[in-house]
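Colleague: I'm new to this one and would like to go through the terms as we look. Could you take me through it?

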Amino acid sequence: MTNMQAVASDMAAIPRARWLRIIPAVIIVYIVAYMDRTNIAIAMAGGMSAELGMTASFAGLAAGIFFVGYIFLQIPGGQIAERLSAKTFIAGTIIVWGGVAALTGLVRTQNEMLLIRFVLGVAEGGVYPAILALIGHWFPNEEKARAIAFFQMNLAVASIITAPLSGWLIQSMGWREMFVVEGVLSLALLFIWVPMVADTPAKAKWLDPRERAWLDARFAEDKAKAIVVDNVSVRTVTGDSNLWKLVAIYFFFQVGFYGFALWMPVIIKQLTGSGMTTVGFLTALPYILCIAGQFFIANRCDQTMNRRLYTVIPMIGFAICLTLSIMLEGNIWLSYAMIVLCGFFLQAYAGPFWTLPPLLFPSNVVGGVRGTINALGNLGGFIGPFLVGYLTTTFSKDVGLSFLIAALVIASALLFTLPKVTSKAPR
């Protein structure tokens, strides 16, 4: 073996352990978190709305009010994870949100449902920015889009699992029991999270010294290239128009994503007339394509380092497929096929999008910037489901879905107002 071959072989062996421990742990945690936030969509189609006397508008409000509570821990969660411990912070939130999710099965009135959903949002609010911070501590810039995309695949996997599992639990036991079972499942996450995760490579006793040295070298390179500004804080960058553009882009995409995701089981049930177990499986299919879309787009993004382009492509593709699903409603299965194709683009924007803040802002405020974007942008998760329900009740389902398409188009247009930021391609 030549010296160059030995070096190549050694390099191929080095960057593995963090992919096999950190990424699976964050995926599993967020799969269950996402399940507890979105299983209300299956419950709405499976008898909850009828039992609690919910109109479509109120059901949309109940689904979306989660995101009002969600904003409260976004910035603190990101800052705690950056400065103290993402591992400890997330472990604490798991206990709280798991208990609250289980209590959802005990609600008796519409107002109780609104309250429990709001509290669940508060409990889960800091998890996402904390995980992004943790990924930032483990994956250098040349791997970041792929690492975030792999993490974001949890949304697709969660939906593949949630829809059939929740549909089966509702059909077998009832919607209340579904909430209790899936809430208790959250508490078991601690047995995975605590032993598998370390906050940084320096604190990971299981890390091979060669991998630690490789990471140290890469992070040193990233730090040398990073924007660092003394005496700057999240408050001082609030006057930067790029921050508010990122907030608006994320907001409008979340309007489209959650408006579609939380109403998809109802739309599919109305379109096909199927039973709840079948609806669960039909709802899962778009998320299988979602995994492929996330991997493909993130891989292309890291190869070209064109972060802006590969953020906008999924948004445009999602809008086109959703438009076609409306236009083809006369043919049930063609319309459903377009819903499935929406899945390819559904979350593919996320890996490229979350690489933008470190390229636009000083590294010492990126955690707070991410929290700000996620906090305010996720209000779209409230607006989307609520307005789809309201517009469907007042006008028609097609009007509600057209609103989501408009939101995706606005997000796409705003992306082209950002600087064309890139970074050097991997060696």
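Modeller: Helices here are DSSP runs (H or I, at least four residues), numbered from the N terminus. Keep in mind that this is a predicted model, where local features need pLDDT of at least 70 and side-chain atom pairs count only at pLDDT 80 or more, while totals for chains, interfaces and linings use all residues. Residues are numbered from 1 along each chain as its sequence is written, and side-chain values use heavy atoms, with hydrogens and water left out.

Colleague: What makes H20 largely enclosed by the rest of the structure?

Modeller: Eleven of its twelve residues are buried, so H20 is largely enclosed. Among them are Val366, Arg370, Ile373 and Asn374.

Colleague: What covers the buried residues of H21?

Modeller: The cover includes H4, H5, H14, H20 and H22. Phe382, Pro385 and Leu391 are among the buried residues of H21.

Colleague: Why is Arg18 called buried?

Modeller: Its relative accessible area is 0%, and the cut-off is under 20%, so Arg18 counts as buried. Arg18 sits in helix H2 (residues 17–45).

Colleague: Which side chain does Arg18 join through a polar contact?

Modeller: That of Glu211, at 2.8 Å. A polar contact is a pair of N or O atoms within 3.5 Å; within protein, one must be able to donate a hydrogen and the other to accept it, and residues adjacent in sequence count only if both atoms are side-chain atoms. Arg18 also has contacts (heavy atoms within 4.5 Å) with residues including Trp138, Trp206 and Trp214. Trp214 lies in helix H13 (residues 209–225) and is buried as well, because its relative accessible area is 8%.

Colleague: Why is the pair of Tyr349 and Phe353 called tilted?

Modeller: Rings of Phe, Tyr and Trp (its six-membered ring) pair if their centres lie within 6.5 Å; planes under 30 degrees apart count as stacked, over 60 as edge-to-face and the rest as tilted. The whole structure has 31 aromatic pairs. In this one, the centres are 6.2 Å apart with 55° between the planes, so the pair is tilted. Both Tyr349 and Phe353 are buried, and they belong to one aromatic cluster that also includes Tyr30, Phe260 and Trp354.

Colleague: Which residues have the most contacts inside the largest nonpolar core?

Modeller: Met48, Met113 and Trp193, in a core of 129 residues. Such a core is a set of buried Ala, Val, Leu, Ile, Met, Phe, Trp, Tyr and Cys residues joined through side-chain atoms within 4.5 Å. A second, separate core has five residues, including Ile297 and Tyr310.

Notes:
Buried means under 20% relative accessible area, exposed over 50%, partly exposed in between (1.4 Å probe, protein chains only). Helices (H or I, at least four residues) and strands (E, at least two) are DSSP runs, numbered from the N terminus. Lists of a residue's contacts leave out its neighbours within four places in sequence.
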